[in-house]
Amino acid sequence: MAGHAKLVATYPTAFWRENGLNGDAISHRGPLAEIHDASPVDAKVGALFGFAQVGAAHQSGFRDAAVAQLARLFGQEAATPDDVFIKDWSLDPATATEADLTPPSDHPNYSAVPPTRRVMFARTETSSDNGGFLEGALAGAEAANAALTLGGY
Ligand SMILES: Cc1cc2nc3c(=O)[nH]c(=O)nc-3n(C[C@H](O)[C@H](O)[C@H](O)COP(=O)(O)OP(=O)(O)OC[C@H]3O[C@@H](n4cnc5c(N)ncnc54)[C@H](O)[C@@H]3O)c2cc1C
């Protein structure tokens, strides 16, 4: 993930929901490759986020091309966001190294690490389900908590 960049566009409302759209999109054309509804739970504002195709955020005109893509997908209202935030982790030295510029094509297959009395791993790489994602981190934490409780550690 460290070689990636993300864009978030905010709007006064999550207007796409009123049109029966859930805000999800996958695109091989880009410049955003994977888009999701990122509105807060209270939906007081609307937000769409997308992962940039690798390297796309470095191209001049990325912001405008991404907003135009959102408008193509979700309607003209998406063409005028209140704000657009771009975070390019590939340029963040605390996150990315040179090796991250050529990321693996897929998430590796992770598997659970059996707990011992001395060491217990509780993180996304210990989850065979959704390893590498936030969801996997939650599953890893729950598994470790269950092992602590059941194992009497
Ligand atoms: C750029 C980027 C974008 C991402 N985007 C998404 C996304 O959109 N959706 C998604 O589902 N996932 C995303 N991920 C993946 C997701 O962030 C991780 O899967 C998740 O954060 C892993 O959680 P974790 O608890 O396993 O580990 P971490 O979140 O890495 O937590 C480990 C913690 O341990 C601390 N630590 C390390 N060593 C020590 C030590 N010796 N002593 C004390 N503390 C220590 C670290 O500082 C860190 O806070 C992204 C990852 C990156 C890098």
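## Helices, domains and ligand shell of a predicted model

Residue A141 lies in helix α3, which covers residues 134-151. The structure described here is a predicted model. A141 is partly exposed, because 15 other C-beta atoms lie within 10 Å, while a residue counts as buried at 20 or more and as exposed at 12 or fewer. In sequence, A141 and S90 are 51 residues apart, and their C-alpha atoms are separated by 27 Å in space.

The domain assignment divides the chain into domain 1 (5-101) and domain 2 (106-153). Some separations in the model are collected below.

| Pair | Separation |
|---|---|
| Centres of domain 1 and domain 2, over C-alpha atoms | 30 Å |
| A141 and S90, C-alpha to C-alpha | 27 Å |
| End C-alpha atoms of α2 | 18 Å |

Helix α2 comprises 13 residues, 62-74. The buried residues of α2 are F62, A66, Q69, L70 and F74. Viewed down the helix axis, these buried residues fall within an arc of 105°, so they line one face of α2. In general, an α-helix has 3.6 residues a turn, so residues three or four places apart point the same way. The packing partners of the buried residues of α2 are β1 (5-11), α1 (15-18), β3 (32-37) and β4 (46-52). Just after α2, G75 adopts a positive phi of about 110°.

The ligand is surrounded by 14 residues, of which the closest are M1, R123, F133, L134 and A137. Classified by type, this shell contains six nonpolar, six polar and two charged residues.

Definitions and conventions: Residues are numbered from 1 along each chain as its sequence is written. This is a predicted model: local features need pLDDT of at least 70, side-chain atom pairs count only at pLDDT 80 or more; totals for chains, interfaces and linings use all residues. Domain bounds come from an automatic or database domain assignment. A residue is near a molecule or strand if its C-beta atom, placed from the backbone, lies within 6 Å of it. Ala, Val, Leu, Ile, Met, Phe, Trp, Tyr, Cys and Pro count as nonpolar, Asp, Glu, Lys and Arg as charged, and the others, Gly among them, as polar. Helices (H or I, at least four residues) and strands (E, at least two) are DSSP runs, numbered from the N terminus. The expected span of a helix is 1.5 Å times one less than its number of residues. The arc is that of the directions from the helix axis to the C-beta atoms. Two residues are in contact if their C-beta atoms, placed from the backbone, lie within 7 Å.
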